[in-house]
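Let's look at how the labels given to a structure follow from their cut-offs. Here is the one to discuss.

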Amino acid sequence: MSIVPLYLRVSLNKILFYAPAYIKQLEEQNELPAGKALIRPTAGFVVKCFLKTPDESKRKLFLNVVYSDEIDKPTSSDLNSWSVPFALGPLRMEADKGKVLAPTFDCCFHPLVLRYCYGSKAFCDLIVDISKDAIQKSFHASGDDTELVEGYTILKGVSYKSGSIPKTLMVAAKHDEGKADIKQAGKANVEKVFGDITVKAEVDTTAASSVIVPNYKIVERGNFEIANHTTMTSKPKLQRPEELVVHVDLDRIESVVDISLDVGIKSLAVKSTNETVPQYKLEIELPYHVSSKKGHAKFDKKQSKLIVTLPVIEA
């Protein structure tokens, strides 16, 4: 039987309404309290830090940095000023390697935050500081005087504590014309230097009316180990992915023979070849150099979608 430390019981009891088991039950019943919305994040990396209890002893704490497109992007007016939206999950207990229970939180950011963390240790420090500050405020709001100790360690080879699928987060939601819109739990405005990432399309409205510019998205894939990719730089750099996956929506196209695909070292073009089908034309510049020879494409008839996978190469 696991025993929850006395100094954590108040926090656990006060936050039980948002506990993972309760959220899972709501998902299964397809019911949500009024004014609430769910975020289903993707695993990022795990931070180990320590907290100091009222009796001056130290105890381990785990922070799961996760990400979701439901969270707003970080913004910056210059390299020294950042506004970083986030959503903090509830306190729960997870076992460490020695099977000792440790308090654990999930902090969810926009995917770009993870990419910036991969390229800049200073930006990673900033994100961890934001998360730790939110956690400490959560403890204090529960009447717990626990303080977080300075410093942290990123667990190598671990993307989430525990398991492979992050817990669903419940956050406040606002409604506009019947559509739920996630409202971030917090937004950190700071004055410090500092998986899969999706880049959505912008439709070319200048194209001729007879030509349809299809919707598309570019997914950057790669197994990033943040413990190996944090360097001291003043400007966040994006880590190069292993491959790009381009999804092109081609409604009413039923066969791959009706379209042509041309891939250059940093470009991709798709157009219709049959006059009896919608006349699609897409020409885009890719964010990285790719190898067209080692890439492959497939057409998903069920979704009417062309999916092109391209290995990324050095420029």
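Q: Why is F105 called buried?
A: Buried means under 20% relative accessible area, exposed over 50% and partly exposed in between, with a 1.4 Å probe and protein chains only. F105 has 1% relative accessibility, so F105 counts as buried.

Q: What kind of model is this, and how are its residues numbered?
A: This is a predicted model, in which local features need pLDDT of at least 70, side-chain atom pairs count only at pLDDT 80 or more, and totals for chains, interfaces and linings use all residues. Residues are numbered from 1 along each chain as its sequence is written, and side-chain values use heavy atoms, with hydrogens and water left out.

Q: What makes F86 and F109 a tilted aromatic pair?
A: Rings of Phe, Tyr and Trp (its six-membered ring) pair if their centres lie within 6.5 Å; planes under 30 degrees apart count as stacked, over 60 as edge-to-face and the rest as tilted. For F86 and F109 the centres are 6.1 Å apart and the planes make 45°, which is tilted.

Q: Why does the pair of F86 and F109 tie together parts that are apart in sequence?
A: F86 lies in strand β5 (residues 81–88) and F109 in strand β7 (residues 101–109), so the pair bridges parts 23 residues apart in sequence. Strands here are DSSP runs of E with at least two residues, helices are runs of H or I with at least four, and both are numbered from the N terminus.

Q: Are F86 and F109 buried or exposed?
A: Both are buried: the relative accessible area is 9% for F86 and 0% for F109.

Q: Why is the pair of F105 and F139 called edge-to-face?
A: The planes of F105 and F139 are 80° apart, with 5.7 Å centre to centre, so the pair is edge-to-face. F105 is in strand β7 and F139 in helix α4 (residues 121–141), 34 residues apart. F139 is buried too, at 1% relative accessible area.

Q: How do you know that the charge of K161 sits over the ring of F62?
A: The rule asks for NZ of Lys or CZ of Arg within 6 Å of the ring centre and within 35 degrees of the ring normal. The charged end of K161 is 4.9 Å from the centre of the F62 ring and sits over that ring.

Q: How do you know that β17 and β18 pair?
A: Two strands pair if DSSP finds at least two bridges between them. Five bridges join β17 (residues 267–272) to β18, and these strands run antiparallel.
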